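Please report on how the side chains pack in this protein.

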Amino acid sequence: MDLRLLLIAALSAALSGSLAQQDGSICIKANAQSCGECIQVSEICGWCTDETFLSEGESKSARCDDVTYLKKKDCKNIEDPRGSTEITQNKDVTVRNKDGNVKLKPEEITQIQPQKLKVTLRSGEPQTFDLKFKRAEDYPIDLYYLMDLSFSMKDDLENVKNLGTDLMREMREITSDFRIGFGSFVEKTVMPYISTTPARLINPCSNNENCTSPFSYKNVLKLTSNGDRFNQLVSQQQISGNLDSPEGGFDAIMQVAVCEEQIGWRNVTRLLVFSTDAGFHFAGDGKLGGIVLPNDGKCHLENNVYSMSHYYDYPSIAHLVQKLSDHNIQTIFAVTEEFQPVYQELKNLIPKSAVGTLSSNSSNVIKLIIDAYNSLSSEVILENSKLPEGVSISYKAFCKNGVRGTEDNGRKCTNISIGDEVSFKISIESQKCPSSGKPEVITVKPLGFNEEVAIELNFICDCECAKKGEPNSPKCHGGNGIFECGACKCNEGRIGRECECSKDEVRSDDLDANCRKPNSTDICSNNGECLCGTCECKKRENPAEVYSGKYCECDNFNCDRSSNLLCGGHGRCECRKCICDTNYTGNACECSLDESTCLAKNGQLCNGRGKCECGICKCEDPKFQGPTCEVCPTCPGVCTEHKDCVQCRAFGDGEKKEMCQKECSYFNLIKVKDRKDLPQPTDQSFPLTHCKEKDANDCWFYYTYAITKNSTKEVFVVEKLDCPSGPDIIPIVAGVVAGIVLIGLALLLIWKLLMIIHDRREFAKFEKEKMNAKWDTGENPIYKSAVTTVINPKYEGK
């Protein structure tokens with residue numbers, strides 16, 4: 001069992017060493033020629049700056065390896081820079097009460113923490129920080145109501161005329177700082193969207209309806225806290241008309257988003273309520289009216305009217321998403337039930353948006369707005385700005401009630417009430433150093449909020465030791481390179497460990513002669529290339545296997561193996577020879593010098609029956625086997641083996657009584673009076689065997705056999721034989737005779753009983769047949785009467 005454990009431990013050690021080398025393979029495969037190149041390969045790679053680190057035949061790239069492996073190779077100075085995260089602005093989130101005396105300005109309220117960070121990235125090494133979000137109470141709200149004023153919305157306009165004061169009153173329950181604005185839209189003022197005849201341009205409605213001239217978008221009321229002013233201006237609005245069913249709402253949404261100054265947006269919660277009972281035109285539909293220029297996403301309000309509707313096409317959905325996100329606007333689509341499916345699909349494309357069902361006359365618009373606002377504000381979704389090339393970001397959310405989210409769900413938390421605090425763990429990783437190498441700034445913010453976290457990204461593109469490099473160093477063959485980080489970084493056109501060669505003079509016969517072993521024609525032992533008169537050894541597919549030596553004549557993988565392991569897993573291979581670990585020897589380090597595996601249960605080496613060689617018992621007697629020579633398949637057993645000697649010495653009897661003195665003196669005999677006086681296994685610290693044997697007279701004798709720790713054999717034997725007493729003949733004979741008599745009587749009685757039963761059954765059967773007998777009363781067929789009667793045929797009975 002002990003040997004098995006040692007083998008498992010050895011295999012584990014070998015396997016872990018192999019895995020460690022495999023981890024470093026990515027560093028070696030990169031063939032890095034400088035410290036800067038090395039640290040860009042992976043976070044596990046380090047560069048050894050010791051000048052004497054490389055052995056003959058090793059290339060500069062051997063300095064770049066797994067850090068743990070470099071330490072195993074006795075590198076004293078390893079360049080291994082690490083990334084870091086530093087918080088530069090960390091203002092606590094605001095704890096605010098709308099009933100409090102102190103009223104903070106919007107810019108003084110903090111809902112996200114921290115605000116600024118400085119992150120230093122090394123390729124492959126992620127940097128993580130925590131972000132906290134707390135939804136502030138009494139946070140200001142700006143709400144802009146954008147309404148479709150096409151003819152089909154005539155009855156809706158009547159209900160919206162009192163919206164200002166009613167909505168103001170409801171929103172006061174949510175925030176003490178609320179402002180409302182109003183805008184309207186119809187359609188582009190070109191054919192085929194509207195009729196361009198002069199009369200229709202004045203009044204687009206038929207049936208003597210009094211309608212206003214068509215328009216694309218009109219900003220009726222800038223955001224204000226005066227609800228009465230809202231009611232007043234909305235009451236003055238008139239319905240207009242157009243020809244087709246879809247409306248030009250996207251033009252209006254774009255202008256509301258980008259015209260911040262004209263609309264009056266503040267850096268607070270921004271809500272846009274889009275009310276309509278129809279679909280929408282989007283990018284490409286403008287071609288019907290001869291409009292082909294893409295929407296430029298800029299503000300074009302003149303006297304609060306969109307002036308370029310005839311010049312620019314409708315915006316695309318993606319363009320709208322970008323602008324709404326850039327300006328932190330959350331959209332509420334208040335649409336009739338008929339168009340719910342259309343706007344639900346649109347909602348899925350626009351983050352931080354909601355859809356509510358508008359009644360046919362907009363009577364439920366206030367409830368719709370309140371419900372949609374509560375839905376939007378109870379969800380926080382993080383988004384980041386465009387990332388530099390090679391940089392990735394991941395999120396992990398820690399929401400209410402222990403809910404956690406990863407991957408796509410790691411960006412958001414839902415069901416957040418006012419005053420609730422949630423947190424996110426954000427990890428940023430760079431896979432390579434950007435081409436510019438300059439710091440980059442990215443932002444992370446919750447959608448629909450103006451606050452954000454500014455993250456300055458700095459990249460580790462070179463080692464610190466490179467700053468101390470010596471240009472044109474004499475260590476680099478006459479100044480043909482920069483000596484930095486313990487190695488030469490060659491100038492353009494130069495190669496070699498010390499930049500000793502020009503690329504144009506790499507090969508020549510004179511230089512090749514320096515790469516041959518004495519009395520050999522092989523260049524670099526066929527295991528490398530001769531560059532500049534120096535052997536550059538080949539690299540093998542397994543980076544842990546290397547050629548080395550001045551002529552690449554050595555390697556670390558062609559040593560003897562044991563148990564299919566290089567050097568038995570108990571040593572290292574150097575120049576094709578095993579250097580064994582402590583307590584191991586042999587050509588393949590297969591021989592263990594530890595004798596603990598040879599100890600038997602009795603504490604003896606190999607049970608006293610063999611020698612311990614290489615940690616394994618070699619049994620001297622071939623009949624004994626096992627790890628410690630304790631198994632003997634052909635042996636009769638301890639008790640049987642010693643029976644004759646114990647019998648002859650204790651009782652002077654048995655097969656060996658004539659040769660007892662000669663063959664049976666190998667143990668100490670101790671007699672005891674009774675079996676209970678025999679030693680028990682629990683009383684001894686060495687193995688003890690209890691035996692029970694029978695002699696030729698069928699007498700039993702009891703003894704124990706044991707080998708003590710000092711190799712003395714001891715036999716304890718009970719001095720009296722346990723012989724069985726002879727049988728009493730008379731009772732036995734009497735019992736046998738009585739048994740025979742009783743058995744005979746029993747058999748007679750059984751026979752008699754069976755006969756009685758049989759006779760009674762036969763008699764009963766006879767009686768039954770007798771009762772059932774029926775006698776025939778007919779005439780006997782063989783009887784002949786003596787009287788003959790003759791009838792006269794002429795006699796008529798007269």
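This report covers the nonpolar cores, a sheet, the ring pairs and the charges over rings.

The model is predicted: local features need pLDDT of at least 70, side-chain atom pairs count only at pLDDT 80 or more, and totals for chains, interfaces and linings use all residues. Residues are numbered from 1 along each chain as its sequence is written, and side-chain values use heavy atoms, with hydrogens and water left out.

**Cores**

A nonpolar core is a set of buried Ala, Val, Leu, Ile, Met, Phe, Trp, Tyr and Cys residues joined through side-chain atoms within 4.5 Å. Buried means under 20% relative accessible area, with a 1.4 Å probe and protein chains only. The largest core has 38 residues. L143, Y145, M147, L163, L167, F178 and F182 touch the most other members. Helix 13 (residues 365-377) supplies the largest share, 8 residues. Helices (H or I, at least four residues) and strands (E, at least two) are DSSP runs, numbered from the N terminus. A second, separate core holds 32 residues, including M254, L301, F333 and F339.

L143 has contacts (heavy atoms within 4.5 Å) beyond its neighbours within four places in sequence. Among them are L167, F178, L271 and I369.

An open sheet has 5 strands in the order 5-7-20-17-18, with antiparallel pairing. Strand 5 (112-113) and strand 18 (404-406) each have a single partner strand, so one side of each lacks a neighbour in the sheet. Two strands pair if DSSP finds at least two bridges between them. Strand 5 and strand 7 (residues 127-134) pair over 2 bridges. In this pairing, I112 stands opposite F133.

**Aromatic pairs**

Rings of Phe, Tyr and Trp (its six-membered ring) pair if their centres lie within 6.5 Å; planes under 30 degrees apart count as stacked, over 60 as edge-to-face and the rest as tilted. By this rule there are 17 aromatic pairs. Two of them are listed here.

| Pair | Centre distance | Plane angle | Class |
|---|---|---|---|
| F133 and F449 | 5.3 Å | 70° | edge-to-face |
| F333 and Y343 | 5.5 Å | 45° | tilted |

F133 lies in strand 7 and F449 in the loop between strand 21 (440-446) and strand 22 (453-459), so this pair ties together parts 316 residues apart in sequence. Both F133 and F449 are buried. F333 and Y343 are buried too. Ring pairs link F333 and Y343 into a cluster with F185, F250, F274, F280 and F282.

**Charges over rings**

A charge sits over a ring if NZ of Lys or CZ of Arg is within 6 Å of the ring centre and within 35 degrees of the ring normal. K218 lies over the face of F215, 4.5 Å from the ring centre. R675 has its charged end over the ring of Y702, 4.0 Å from its centre.

Methods
Buried means under 20% relative accessible area, exposed over 50%, partly exposed in between (1.4 Å probe, protein chains only).
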